[in-house]
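Here are my notes for when you have the model open on your screen. Please go through the points in order, with the structure beside you.

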Amino acid sequence: MQTRTLGSLTVSAQGLGCMGMSEFYGTADQAEAERTIRRALDIGVTFLDTADMYGPFTNEQLVGRAIAGRRDEVVLATKFGNERNPDGSWVGINGRPEYVRAACDGSLQRLGVDHIDLYYQHRVDAKTPIEETVGAMAELVRAGKVRHIGLSEAAPKTIRRAHAVHPITALQTEYSLWSREPEEEILPTTRELGIGFVAYSPIGRGFLSGRIKSVDDLEPDDYRRHNPRFQGTNFQRNLDLVARIEQLAREKGVTPAQLAIAWVLAQGEDIVPIPGSRRVEHLEENAAAVQIALSEDDLARIGAAAPVGAAEGERYPDMSRVNL
């Protein structure tokens, strides 16, 4: 596994998104999830991504169990800001300084570690000045509880204001062949400021893998059933996009998921995709994408097959919580 640099933080060129191991994508096998995390470390995928809201709280506990005894091998990222109760009910977005400190202590305890390598504000709190939130995060760095800080789904102006308070190491935002919006303003901003970019959902929440041909392929409690891109006519139109990716993947002799990840990797050395995997077989398939070389002709054909705005439907049912 190759490495890349986010700001001043060196990570594996591909990370592992752990969210789906605990929630949102239907029922997961917890023993297989732990095995997947340990296998990731074995093959060099050492950049692990979790958050306190996943579960809620149980995903951090899962990651903590899986990395026990191997902490030195891991670059560990987690997030705060989407506040939920233990029963899963939604409280709201919280960036108040006192909450930042309490959330960090909770994450450290659940993960069973003494520091977090990369601590993100998961969503921007429109009611709390970003300077106050990042100021509290900077205090965590000075206290040794956090090594680097990041933002998720923040707009360019917010990124600049945050970076003026304390260096932002990475911005995490959705980026894939069906979510290319960051190319317009966000990536130019992070590159100007020397901030790394972490691409979540690089396989389009699994859609670009070609494995989802009908909404019935999703479990009844899978939250993607409520995602606009997985509904009605949007779903059918997005299948046309997948068909184009599948054809290009066949010509290249790779899987559609691998092609999607390789495309993200090819967009810049400052970009690190973190595809989610719940099983070892998918982890290994995804990790192999770092070995795929895409020519200029390949990239041109892929870009033409999936141009900016190609996907039908919004990324979320409620877009008011992103890009703030």
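This is a predicted model: local features need pLDDT of at least 70, side-chain atom pairs count only at pLDDT 80 or more; totals for chains, interfaces and linings use all residues.

1. Residues are numbered from 1 along each chain as its sequence is written, and side-chain values use heavy atoms, with hydrogens and water left out.

2. The overall picture. The protein chain has 10 helices and 12 strands. Its C-alpha trace spans about 50 × 40 × 40 Å along the principal axes.

3. Of the 324 residues, 60% count as buried, where buried means under 20% relative accessible area, exposed over 50%, and partly exposed in between (1.4 Å probe, protein chains only). A contact means heavy atoms within 4.5 Å. Among contacts with a separation of 6 or more, 75% come from residues 24 or more positions apart.

4. Aromatic pairs. How many aromatic pairs does a search of the whole structure find? There are 11. Rings of Phe, Tyr and Trp (its six-membered ring) pair if their centres lie within 6.5 Å; planes under 30 degrees apart count as stacked, over 60 as edge-to-face and the rest as tilted. One of the pairs is Tyr25 with Tyr223, stacked at 5.9 Å centre to centre with 5° between the planes. This pair links distant parts of the chain, 198 residues apart: Tyr25 is in the loop between strand S3 (16-17) and helix H1 (30-42), and Tyr223 is in the loop between strand S11 (196-200) and helix H7 (232-252). Tyr25 counts as buried because its relative accessibility is 16%.

5. A second stacked pair. Trp178 and Phe207 have ring centres 5.1 Å apart and planes at 25°, so they are stacked too. Trp178 lies in the loop between strand S10 (170-174) and helix H6 (186-193), while Phe207 lies in the loop between S11 and H7, so the pair ties together parts 29 residues apart in sequence. Trp178 is buried at 3% relative accessibility, and Phe207 is buried at 0%.

6. Charges over rings. A charge sits over a ring if NZ of Lys or CZ of Arg is within 6 Å of the ring centre and within 35 degrees of the ring normal. Trp178 takes part here as well, with Arg229 over its face at 5.0 Å from the ring centre. The charged end of Arg205 sits over the ring of Tyr316, 4.7 Å from its centre.

7. Arg224 deserves a look. Arg224 is in the loop between S11 and H7 and counts as buried because its relative accessibility is 8%. Its side chain reaches the backbone oxygen of Arg205 at 2.6 Å, and a polar contact of 2.7 Å joins it to the side chain of Asp222. (A polar contact is a pair of N or O atoms within 3.5 Å; within protein, one must be able to donate a hydrogen and the other to accept it, and residues adjacent in sequence count only if both atoms are side-chain atoms.) Beyond its neighbours within four places in sequence, Arg224 is in contact with residues including Phe24, Tyr25 and Phe230.

8. Backbone details to check. Which residues other than glycine have a positive phi? Phe24 is one of them, near 80°, and it sits in the loop between S3 and H1. Phe24 also belongs to a cluster with Tyr25, Tyr54 and Tyr223, linked by ring pairs. Ser201 has a phi of about 55°; its place is in the loop between S11 and H7, and it is buried at 14%. The peptide bond from Gly55 to Pro56 is cis, with omega near -5°.

9. Helix H9 (residues 280-287). Six of its eight residues are buried, among them Val280, His282 and Leu283. The buried residues pack against S3, H1 and helix H8 (256-265).

Definitions and conventions. Helices (H or I, at least four residues) and strands (E, at least two) are DSSP runs, numbered from the N terminus.
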